[in-house]
There are 2 protein chains.
Amino acid sequence: MKKDLLFTPGPTPIPPEALLAMAQPIDYHRSSATVALIKDVLEKLKHVFQTENDVLFLTSSGTGAMEGAVANLLSRNDKAIVIRSGKFGERWGEICNAYGIEVIPIDVSWGNSVDPQTVEGLLTEHADVRTVFATLCETSTGALHDIEALANLTRIRPTLLVVDAVSALGADDLQMDTWGVDVVVSCSQKGLMTPPGLAFAALNQRAWDAVERSNLPKYYLDYRKAYESGLEGSVPYTPAVTLLTALQCALNRIRKEGIRNTIARHKRLALATRSAMKALGLPLFAASPANTLTSIRLPEEIDGKAFINLMRDTYGITYAGGQSQLSGKIVRIAHLGWVNENDVIVAISAFERGLVEIGYDIPLGAGIAAAQEVFNGNL
Amino acid sequence: MKKDLLFTPGPTPIPPEALLAMAQPIDYHRSSATVALIKDVLEKLKHVFQTENDVLFLTSSGTGAMEGAVANLLSRNDKAIVIRSGKFGERWGEICNAYGIEVIPIDVSWGNSVDPQTVEGLLTEHADVRTVFATLCETSTGALHDIEALANLTRIRPTLLVVDAVSALGADDLQMDTWGVDVVVSCSQKGLMTPPGLAFAALNQRAWDAVERSNLPKYYLDYRKAYESGLEGSVPYTPAVTLLTALQCALNRIRKEGIRNTIARHKRLALATRSAMKALGLPLFAASPANTLTSIRLPEEIDGKAFINLMRDTYGITYAGGQSQLSGKIVRIAHLGWVNENDVIVAISAFERGLVEIGYDIPLGAGIAAAQEVFNGNL
C-alpha cells in the first residue's frame, strides 16, 4: 500500500483544505470575492515576511521574482555584488549577466556560507555597487547565510540588499524590517505549503526609490504594476486564481501557528534530522545548515541517484538528490512547510532502512532515537 | 439556491475531473511521473495548435508568453508592425516599447478587424520590418482577425507573423502549419479549460532562426530553455505542477472531441448567441465576431456595470463588461472552453430576464428561441 511523501525543497506537501479549495469551481479574477481574496492574502503574507512593507505577487516561479528584482531595481551598467555558494546564488549572477549588469562575484565553496567580512571588503572597494544579491538558504547545498550580518553592512550604505528567500521563507528566520533587508523574494511551493506558480516580493522604501530610477526593460515582471494593482486587490494580468485560494488556506495555518512558532518548528525538525544523521555516522554537507533542509554527504560507495530512486520506488519517500556538481553525491531531506515531527520520523526511518537495503552498515533505529531525544527536549 | 456560472473570456469553467486532479497530493516536478505528464501535455498541445512544431510552456499568464515572443525574437532597434484594435493589440505595442523596439502601429477602431491590405502596404513600405504582431480574437472587443490572410503576406517575406491566440485557441480556427503562421502564443485559462498560470508558445523554424539572432535580455521567459527542457519532459524552473495535471485532463477532452469538432462547437455556440441578440434587437459590437466571445453594445440608457453586477449577484451569471474606453458600454458573453448548448441557453435566458428586470423592453424568450433554431440546425 503506497503512501507517497515529499521531503523535497519544493514542491512541499499541501494541506488538505488547500487541496480541496483548488477543487472548487473557479471564480472570475475581477469578482469582488477574488478582490477580497487577493487583499487578504497580501495582508497575511506580511506576517510571514515579518514586515510592514506591502508584498506584491506575480504568477510565476520564484525565478520570475528574482529576475524581477534585477530588472526593476537596476539600470544599464550598474554594478552588483553576487554571492555564489551554489546553484541559486549562481542564478543571481546569470540573471544579472542577461541584463548587462556588471557582476562582482563572491564565490564560496559549495556547502559553505559567505563571510560577511568579504562582503564588507568589496563594499568598501566598490563604493558604487548598487546591490548585493544574497541567498537566505542556498537550496542546492542546504547552507544558511547570515543575512542579518549582511544587512548590517548595507543598511548604513546606499547599497541595497536583495535576498532570495525562495526556499527558506517561513522556515529560517528573516526579519526584514528589524534587520533592514531591502528586498525579499520568495514563492509559493516551499514554506508556504502551496503548489508552485506564485512568486512574491517585498520592498522597502529604499528599494522603491531604486525602482523609480531603473531603466531596464520589463513588462510582465514589472514590480510597480503588480504592487499598485495589489493594493486594490487587483492584478495587471490574469493571476493563478486557484493557487491564491490554496495560499489563503496555507497562510491561515501560519497565522494560527504564528510565524515565530512556525520557524521554531522548522528549527526543531532540522535539529532532529541533523542529530539522526550524526547518530548514523553520516556527515552533513553544509557548514551552517538551514532549518529548511538537511544535506547529507553520502559515503563514496553509495550511488546517490540509485538510492534516491530506491527510496521513491520502494518506500514512497521522495528526497531530493544533489544538483550540478553534487549530482549523486548528496541527499537533501527537506523538512519544510506542512511537515511535523511524525513526518520527520518517517523520513529518517525510511532513510535508515534504505541504507541497510543497499548494504550500507548502520545501526537501525539509532537515527530515530536521536531525533526522538530532540523532540522530547533532551538535546 | 445559487449556482455560479462563468461566461467570462478567462478564467473559464474547469471540468470536474480536472478540478479533482488538482486536489490530489502534489508530486515532485522531477519525478518520472511528472516527466511523463509534461511530455504528454506538450504532445497533446500540438493537436490544439494544429501544428507539428513543438510547443513550449511557461509558468505565467498569457502576457508572459507575449513578452517572451518580443524578447526572444527581436533585437535592439528592430522594427515591428503592431496591429492595435483593442486592449490586447495595444499590449503588443506596450511590450515592444518596453524593449525599445520601433513600433509601426496600425490602429483599427475598436470592434473592427485589420484590413490585410493595410498590412501589405506597410510591409512594402518598410521592407526591414522583422515581425508583425497580430491578435486572433481581440478579447476586449470580440473581433476576429483574418490571420490566414496575414500569413499569406508574411510567409512570402522575411517577416515573421506572431499571433496572440491567448483567448481564441481552441475556439477560433488557427491552422498554424497550413496557413504558415510563425509563432502562436496562448495560455491555459481560456479554450483549454484549465486555471490560469500556464502560457504556451509554438514556433516554426523561421522563428527559431530569429531566436538565434535575438539580443534582447531574457531569463525566466527564455523560449529556448523552455523548449529544450520540454523535449525531455523537464523544466528550467519549478512549474505549476497542479495546473499541468488539470491541463492533461482538459487536453484529453479536446483530443476525444477532436480539435476540428471543438472549433465547430464554439462556432455553433457563437452563432446561437449572435442570433439571440439579433432576435432581441441588440446590436453586436464586433464587425467580424469571433467564436470565442460575443460582444453586445448596450442601449445608452443601460448602465453596463450595474447590469453586470445584477447578473452576478442575482442570477449567479458572470459576463464580462467592457474594458478601457468600452467600460459600461458593452457586455461580453464568452462561450468558451467547457461550455455546451445548454450553458448558452442559460446565458441567454438570464440575459433576457436581467434586461426585463432593469426595465428594458424585450420579448422574453425571443433570444432563446433563435438560439434553439441554430442548435436544431435551422439557421
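A word on the model first. It is predicted; local features need pLDDT of at least 70, side-chain atom pairs count only at pLDDT 80 or more, and totals for chains, interfaces and linings use all residues. Residues are numbered from 1 along each chain as its sequence is written, with chains lettered from A and ligands numbered from 1 in the order in which they are written.

Symmetry, then. Chain B superposes on chain A by a rotation of 180° with 0.0 Å of shift along the axis, RMSD 0.0 Å. So the two copies are related as by a two-fold rotation axis.

Next, the interface. Contact means C-beta atoms, placed from the backbone, within 7 Å. Chain B gives 43 residues and chain A gives 43 residues. In chain B, helices H1 (16–22), H3 (62–73), H4 (87–98) and H10 (241–257) each supply at least two residues of that side. Helices are DSSP runs of H or I, at least four residues; strands are runs of E, at least two. 100% of chain B's interface residues are also interface residues in chain A, so the copies meet through the same surface.

Now the sheet. In chain A, 4 strands form an open, mixed sheet, ordered S1-S12-S13-S11. Pairing takes at least two DSSP bridges. S1 (5–7) and S11 (293–297) of chain A are the edge strands. S12 (317–321) and S13 (330–334) of chain A pair antiparallel over 2 bridges. One bridge joins A:Gly321 to A:Val331.

Terms used: Copies are superposed by least squares on the C-alpha atoms of residues with pLDDT of at least 70 in both. Two residues are in contact if their C-beta atoms, placed from the backbone, lie within 7 Å.
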